[in-house]
Amino acid sequence: MSSKVIHAIYDDDDVLMNAVKEVRAAHHHIEEVYTPFPVHGLDKAMGLEPTRMGITAFMFGLTGLGFAVWFLNYIMIDNWPQNIGGKPSFTFYHNMPAFVPILFEMTVFFAAHLMVITFYLRSKIWPFRKAENPDPRTTDDKFLMEVAVDGNEDEVASLLKRTGAIEINVKETH
Amino acid sequence: MGHYEAPIREAIITGDKSYHDITVDVAGPIERKANKQWWIAFIISLAAFLWGFGAIAYTIGTGIGVWGLNNRINWAWDITNFVWWVGIGHAGTLISAVLLLFRQKWRMGINRSAEAMTIFAVVQAGLFPLIHMGRIWDGFYVLPIPNALGSLWVNFNSPLLWDVFAISTYLTVSLVFWWTGLLPDFAMIRDRATKPFQKKIYSLLSFGWSGRAKDWQRFEEVSLVLAGLATPLVLSVHTIVSFDFATSVIPGWHSTVYPPYFVAGAVFSGFAMVQTLLLIMRKVCNLEYYITRVHIENMNKVILVTGGIVTVAYLSEFFVGWYTGSSYEDFVYLSVGAATGPYWWAFWSLIICNSVIPQLFWIKKIRTNYVWTFIISIFINIGMWFERFDIIVINLSRGHLPSSWTQFSPTFVDIGIFIGTLGFFFVLFLLYARTFPVIAQAEVKSILKSTGDNYKRARETNQPVQFAMAGAGVSQPINVVAEEQPAIETPVIETPEVTVDDKDAQTDSLLASLGTFDPATDTADDLKKIKGVGPKMEATLNQIGIYTFDQVSKMTKKEYDLLDSITGSFPGRAERDDWAGQAKNLKS
């Protein structure tokens, strides 16, 4: 296994995008790219799978809707039906129009919060977690590409230099 | 690359910024010490907050009898203030969610502060339903939890309970939306911090954000989905607030127009409050380059539209009240009775502040003027408070029993609580302005190349990009570090610079892609038929060798730029007028 990585620092998002394409074309493995802002198309250029956050949100929304149906039915129809302003309370179906606002709010509540929690867990971000960007400048105006090397350091370094990297550092990994 | 934006669109990031300049400008207010004005404003707000806190404590300790409520007017300033604050809390999510779905780039300069304002305003709003319960320690009755009182459940048929769910969902969803957007910006502050304590705090706040490509991919999808969820949510909140009134049988409240009218009014008042806050903030925090005339004008246009909707709603309410011919409709808040009765001053404050004064925004000079905008936004804030006061107090002040007709006079506690929420709001906002990145800097950086004034200018003039701060540039010439000139696209300058010498070569390459004109087989078209081509331009085109619509219709961005560099006149004109598209139509 490779025990070394190269950190190439770029100072422009378009140069970085091009570099990513060239490094991939030369069949080197890009471990990671750290950027200060979302660079559009970078995920595709790196060959990342599309994210499934939208799908999770949809499923969480369905969960919320299902939960709301169950608990409205339990409270208003099953457990203690009441005559409130003559609104029909015999079946869920008849009372449902009055429940639409709550059904909607619960759907949104579940979808939004559970999606965000999923995002935080998947991307490993939560309070007291230590940041892992190797260079503090990557939250300012620099872009860092981490490329795995396996004895071919010089070759990769020169390729990266050719793609417009302003700084190249070789790092030991553990 | 995909940074092109039509030159006709005004730059929304000005001051020749580079990526690093944005970092410095956003971190500035946090890293500097607070100035004297900030302390003065903070102390005044804190005093108001403490007074309000005392008034709330007195209310809870003694009961809501300390308010000016009476037998007829059983809701007054409490619910007026509640609806006013909730309405103000609508602009933030509208700006960040609805404008995101519409891909409006100008939202990025203002969304962070607008969302902060939303959250702080909803906090104020939430106070009123809680304290107006009287026995706040029984407040948990509004939650559907099993309790020791038998099967005493909440009533899910009631709009008041829908409100509990709507407001809490809105507050929490807005909060996570805001916080998720803040993570990369907190990370930026963290990585710049030099003092250990600051570094610790911002490390904690940033949740260890590292900015990996995968994180950004998820971040963008999450933002988009949250925007999609928040858009119907924000519409539902004020709709449900309006149900509190609309589902009752009180004359003046029982009105089907309430939901859309309330939502429009909320957006109207929210944008007015955003203007009030941001016009001060852009000065105090030196954000003039990010909150520009374009932002102010766009927001004023939203105010004009929503103010128009509100005015139409007033007219329809007024008409319906009159048309029923019912004497019980002649005292509702929009009626001849209200305009001439004891509450004439409240009626006319509403009409003048909300419907008359905002019409000044039809004048471009006024809607692009900071001072005028500020003054008008204050009027709208006042007018929207009166709208809720009128709806609640005027409608309740009279009824079917004339002997009970009355008026409302607030006590010092009513006034104290209202002033207190204003103080609380500004305490939160001032603290926010000192400690949070007040511009969504990561997002602003992502649009810098398309809409920064220096980048736009560079594209139009084919000059290298200029930066205000020397040495902070992002596009240092690449060949300084690279050993050989790589075959990469230069990021900004999309066409090579043309010198007089290689004009012929340019002409050849232009004709090569458009096809040449052969006088023997082809006939020349009247190119003047294309909008934007005059006799002089036609002569120039003919000189180059372009005679037919067929040739023009093949032109793309590359050819336009070549053409511009050859002719040197009207840069960008051909593209703006879409000559190729016109020629395609003329050809057939």
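The model is predicted: local features need pLDDT of at least 70, side-chain atom pairs count only at pLDDT 80 or more, and totals for chains, interfaces and linings use all residues. Residues are numbered from 1 along each chain as its sequence is written, while chains are lettered from A and ligands numbered from 1 in the order in which they are written.

**Contact between the chains**

- In chain A, 65 residues are in contact with 66 residues of chain B, contact being defined as C-beta atoms, placed from the backbone, within 7 Å.
- Helix 1 (13-25), strand 2 (30-34), helix 2 (42-46), helix 3 (53-79), helix 5 (100-122) and helix 6 (153-162) of chain A each give two or more residues to the side that touches chain B; helices (H or I, at least four residues) and strands (E, at least two) are DSSP runs, numbered from the N terminus.
- Helix 5 of chain A gives the most to this side, with 14 residues.
- By class, the side of chain A that touches chain B has 37 nonpolar, 13 polar and 15 charged residues. Ala, Val, Leu, Ile, Met, Phe, Trp, Tyr, Cys and Pro count as nonpolar, Asp, Glu, Lys and Arg as charged, and the others, Gly among them, as polar.

**Helix 5 of chain A and helix 6 of chain B**

- Helix 5 of chain A packs against helix 6 (residues 159-192) of chain B at an angle of about 20°, with the axes 10 Å apart. Axes are lines fitted to C-alpha atoms, for helices over the stretch in contact, and angles run from 0 to 180 degrees between N-to-C directions.
- This makes the two helices roughly parallel, a term for angles under 35 degrees.
- The residues that meet include Phe109(A) and Val116(A) in helix 5 of chain A, and Trp162(B) and Val176(B) in helix 6 of chain B.
- By class, this helix contact has eleven nonpolar, four polar and one charged residues.

**The sheet of chain A**

- Four strands form an open antiparallel sheet in the order 2-3-1-4; strands pair if DSSP finds at least two bridges between them.
- Strand 2 and strand 4 (167-172) of chain A stand at the edges, each with a single partner strand, so one side of each is left without a neighbour in the sheet.
- Four bridges join strand 2 to strand 3 (residues 143-149) of chain A, and Val33(A) has Met145(A) as its bridge partner in strand 3.

**Chain B**

- Chain B has 23 helices and zero strands.

Note on methods
Contact = placed C-beta atoms within 7 Å. Parallel < 35°, antiparallel > 145°, perpendicular 65-115°, else oblique.
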